[in-house]
Amino acid sequence: MSTKTQPTFNPVDTRVSFPALEEGILAFWRENDTFRKSIALRAGGPNFSFYEGPPTANGRPGTHHILARVFKDLFPRYKTMQGYQVPRIAGWDCHGLPVEIEVEKQIGSRNKSDIEAYGVERFIEKCRASVLTYVEEFDRLTERIGYWCDLEHPYWTMDTDYIESVWNLLRRFWDEGMLYQGYKIVPYCARCGTPLSTHEVAQGYKEITDQSAYVRVRLNDAVTFGGPTNLLIWTTAPWTLPANVAVAASPNLPYVLVRQAEEQFILAETLLDSVLGAGTYEVIRAVAPGELIGQTYRPIFAYFTPDKPAWRVVAGDFVTADDGTGLVHITPPFGQDDFNVGMANDLPIFQPVDLTGHFTAEVT
């Protein structure tokens, strides 16, 4: 039997309705409790456990929820067809910035200190209420798209039992010696006062034109290169210069020593004209990467006292001649490549920026 039904559109609640679907298949499933029967019929079979990666219900559901749930639905159905018993537990994500930002809009908060002035406990209670806002709308969408999941017994990440289960796992990791304290490079928001999800930050990625700076770095060795000599580095983040602890040179790029306006510079050969300007310099000689790596230089800023050897030239396979000077300013707290180089070469870590995005007291 073939039935064609035009969807109806309600301008009040902005929802599309498919009467034949809702009065046909969905009604049949609802009246016959088909979802639970599909689980009961596999009693005694091997178990395939499924807990939904939970959505946050303080915003209306969107097409991205539908797309994700299509994939979430495929695998439990497939495993059921293979004879597995597949309990499917729904869940609600009650934590994180989406919840907090929604409440911040309600109370007129501009930053973390505003939340503290408002009262952390009051703020938490408003967040707990906020996450329930669109649960019914999510439930209706879940049924309409034919996504089978136990909505009557969901887990809530704000429930005490759930929170304690996470702490229990953390304690077990600790007891088994699996936790350690260290550093990790993460996106950070000074306004919110918290690290951010790399995935979420990438969704707002855009190309911009930013300020950059060329910086002279004076080598301590004035003999090898026949007099006082500067490495020429380039950075698009000049505010990170107080944290500089090294300069990275590529083991594979050709470097040259040049003279311009009575000063000597070392930089990548292929970038000479773009950096110094054609015809404005004199090439003295080629410089092998091995001559550079291991050299030390005067600190750009000396706000911090290193606890390990700093201000030296190290090897960096990621250094290219695509832009800049072929010599890269290294600040371990401010980039994954920098961090990796810092760990590989046992470099110190200076942190000149506080959690509000301002320079620390050391940086005068």
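**Salt bridges, backbone and a cavity**

Trainee: What is the relative accessible area of Glu 291?
Mentor: The value for Glu 291 is 28%, and the residue is therefore partly exposed. With a 1.4 Å probe and protein chains only, buried means under 20% relative accessible area, exposed over 50%, and partly exposed in between. The model is predicted, so local features need pLDDT of at least 70 and side-chain atom pairs pLDDT 80 or more, while totals for chains, interfaces and linings use all residues. Residues are numbered from 1 along each chain as its sequence is written, and side-chain values use heavy atoms, without hydrogens or water.

Trainee: Which residue forms a salt bridge with Glu 291?
Mentor: Arg 285 is the partner of Glu 291, and their closest N and O atoms are 3.0 Å apart. The term requires a side-chain nitrogen of Lys or Arg within 4 Å of a carboxyl oxygen of Asp or Glu. Arg 285 is itself partly exposed, at 29% relative accessibility.

Trainee: And which residues do salt bridges with shared partners join into one network?
Mentor: That network consists of Asp 33, Arg 36, Asp 150 and Glu 152.

Trainee: How many salt bridges does the structure hold?
Mentor: There are 15 salt bridges in the structure. One of them brings the side chains of Arg 171 and Asp 175 together at 2.8 Å, N to O.

Trainee: How many residues apart are Arg 171 and Asp 175 in the helix?
Mentor: Arg 171 and Asp 175 are four residues apart in helix α9, residues 160–175, so about one helical turn separates them. Helices (H or I, at least four residues) and strands (E, at least two) are DSSP runs numbered from the N terminus.

Trainee: Is Arg 171 buried or exposed?
Mentor: Arg 171 counts as exposed, with 52% relative accessibility.

Trainee: What are the relative accessible areas of Arg 259 and Glu 282?
Mentor: Arg 259 has a relative accessible area of 32% and is partly exposed. Glu 282 is also partly exposed, at 44%.

Trainee: Back to Asp 33. What is its phi?
Mentor: Phi of Asp 33 is positive, about 50 degrees, although the residue is not a glycine. For context, most residues other than glycine have a negative phi. Asp 33 sits in the loop between α2 (25–32) and α3 (34–40), and it is partly exposed with a relative accessible area of 36%.

Trainee: What about Ala 261, and where is it found?
Mentor: Ala 261 is in the loop between β11 (255–260) and β12 (263–268). Its phi, near 50 degrees, is positive in a residue other than glycine. Ala 261 counts as exposed, since its relative accessibility is 68%.

Trainee: New topic: which residues line the largest cavity?
Mentor: The lining consists of Leu 97, Glu 100, Glu 104, Asn 111, Lys 112, Ile 115, Arg 191 and Cys 192. On a 1 Å grid over the protein atoms alone, a cavity is a set of points where a 1.4 Å probe fits but cannot get out; lining residues have an atom within 4 Å of a point.

Trainee: Which element gives the most to that lining?
Mentor: Helix α5 gives the most to the lining of the largest cavity, with three residues.

Key. 1 Å grid on protein atoms, 1.4 Å probe; cavity = no way out; pocket = protein on both sides within 12 Å on 5 of 7 lines; lining within 4 Å.
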